[in-house]
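Hi there,

Here is the structure I promised to pass on. Have a look at it first, and then read my notes below.

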Amino acid sequence: MPDFVGAVDQGTTSTRFMIFDHSGNERGKFQLEHEQILPQAGWVEHNPVEIWTRTQTVVESALNAANLAASDLAALGITNQRETAVVWNRKTGRPYYNAIVWQDTRTDRIASALDRDERGGVIRQKAGLPPATYFSGGKIQWILENVDGVREAAENGDAIFGNTDSWVIWNLTGGVDGGSHVTDVTNASRTMLMNLETLQWDDELLGFFNIPRQMLPEIRPSSDPNGYGEIRNIAALRGVPLTGDLGDQQAATVGQVCFGVGEAKNTYGTGNFMILNTGEELVRSKNGLLTTVGYKFGDQKPIYALEGSIAVTGSAVQWLRDQLGIISGAAETESLAAQVPDNGGIYFVPAFSGLFAPYWRSDARGVIVGLSRFNTNAHLARATLEAICYQSRDVSEAMEQDSGVHLEVLKVDGGVTANNLAMQLQADILGVPVSRPVVAETTALGAGYAAGLATGFWSNTDELKQNWQESKRWEPEWNDQQRTDGYAGWKKAVERTLNWVDVD
């Protein structure tokens, strides 16, 4: 058995390739950014060809730097930005249009029309999702309706769809020369097109978007002993079996070894994504969360999850840097915020593109409230860190109401976890310990775990749990009154964001 597994992590801003050993330690890594294409307000696109080119480069560069070859890898996994839709021609391999990114809001009319009638309730019941611009279904419909020739090509079987996992897998395994057109249950569960109970594409849901079934990839387990094919289109990886596929947030859940019911992780990136494992039980949210597939390993039953998706967290820090200019780098937020003992009475709700979970209010916009002449840039920096944490508490509260499970500890990963003050505030605001692992790249690690489990590189999830090690833990320091008063102020601030934009 070779000594390593590899993982392609195709993210929103970059693509990376990582190599892990049996203990889950990083043994190689290379990463490249790709262009963010912004044709008009609210539109966000990526070039799928650039993403595939970057994938080839990062794989070859990481293997060269680590002095490893295909024969050193037992398996390959992939993880990806979910909901980002690509439609391409299976005969030529050329995309018909740029990838429409999960952040894109051009499908707001499609989503709001679905939500105005009984179709919205059917989507919630079958797919576990609210009709929203976030998910893939509306993006496919938009391409079919707005790009010449795609509808006809889809009906005759030439135009095919995938999230970026499917696009990269198809290219890795042969492309026009017999590439595998597949996805996994976690990515399929982010389209508004898959039935959560059957784990198959649903004809009624497809009808809502007028999407031909033959466009869609085959839905497979997240960790598949049968594999999705061998790597054929990157010489440095030729012959390695591709056996793991997970959407990025589910991959982080696996990387954080949240395999027990009630275990949760929170990933702090551009936005925040908290996932709670609900086991084999499909919990339908009554409190604004998404019901999704957590993972499916081989022929085992699927494990479901509740997810709270928050649009703006780390990007609020970028806003302080790029738009306001009160910090020169993200790390400066911590030292600036630490100059004051509290927020000085101000709250910042960064609803720049509306509010995601648990509110789902596209009419909301960002506010800073409670200002007086006493307040300084340090108070605003602290209020920004608190906003990240309060939004996570909103999601945590909704999860407890939906599942009846009280969070005992929150496992965290992502860039903001390097900010010790932010993580202390998270513990204070939630009232539970916050724990960061030694291996911070949990998304790529989760994809590697899924691939390795399928090939016997790891024999079971107990082995993976033994790999997990804590780097740092933050215990709550606020008293109950501080926590109650602080959260009451936050909820008041959220109310001020609502009904700002008129939505059709």
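What follows is a short tour of a sheet and of the helices that go with my notes. Please keep in mind that this is a predicted model.

Seven strands form an open sheet with mixed pairing, and their order is 16-17-15-14-20-21-22. At the edges are strand 16 (290-295) and strand 22 (470-474), each of which pairs on one side only. From one strand to the next, the twist averages 30°.

If you want to zoom in on one end, go to strand 22. Its pairing with strand 21 (residues 434-437) is antiparallel and runs over four bridges.

Helix 9 (residues 248-255) lies across strand 14 (264-268), strand 15 (272-279), strand 16, strand 17 (303-310) and strand 20 (410-414). Its direction is at about 125° to strand 14.

Finally, a helix pair. Helix 12 (residues 377-403) packs against helix 16 (residues 480-495) at an angle of about 95°, and their axes are 11 Å apart. Because angles of 65 to 115 degrees count as roughly perpendicular, helix 12 is roughly perpendicular to helix 16. On the helix 12 side, the contact includes Tyr390, Arg393, Asp394 and Glu397; on the helix 16 side, Arg483, Tyr487, Trp490 and Lys491 are among the residues they meet. By type, the residues of this contact are four nonpolar, two polar and five charged.

Terms used. Residues are numbered from 1 along each chain as its sequence is written. This is a predicted model: local features need pLDDT of at least 70, side-chain atom pairs count only at pLDDT 80 or more; totals for chains, interfaces and linings use all residues. Side-chain values use heavy atoms; hydrogens and water are left out. Two strands pair if DSSP finds at least two bridges between them. Helices (H or I, at least four residues) and strands (E, at least two) are DSSP runs, numbered from the N terminus. Axes are lines fitted to C-alpha atoms, for helices over the stretch in contact, and angles run from 0 to 180 degrees between N-to-C directions. Contact means heavy atoms within 4.5 Å. Angles under 35 degrees count as roughly parallel, over 145 as roughly antiparallel, 65 to 115 as roughly perpendicular and the rest as oblique. Ala, Val, Leu, Ile, Met, Phe, Trp, Tyr, Cys and Pro count as nonpolar, Asp, Glu, Lys and Arg as charged, and the others, Gly among them, as polar.
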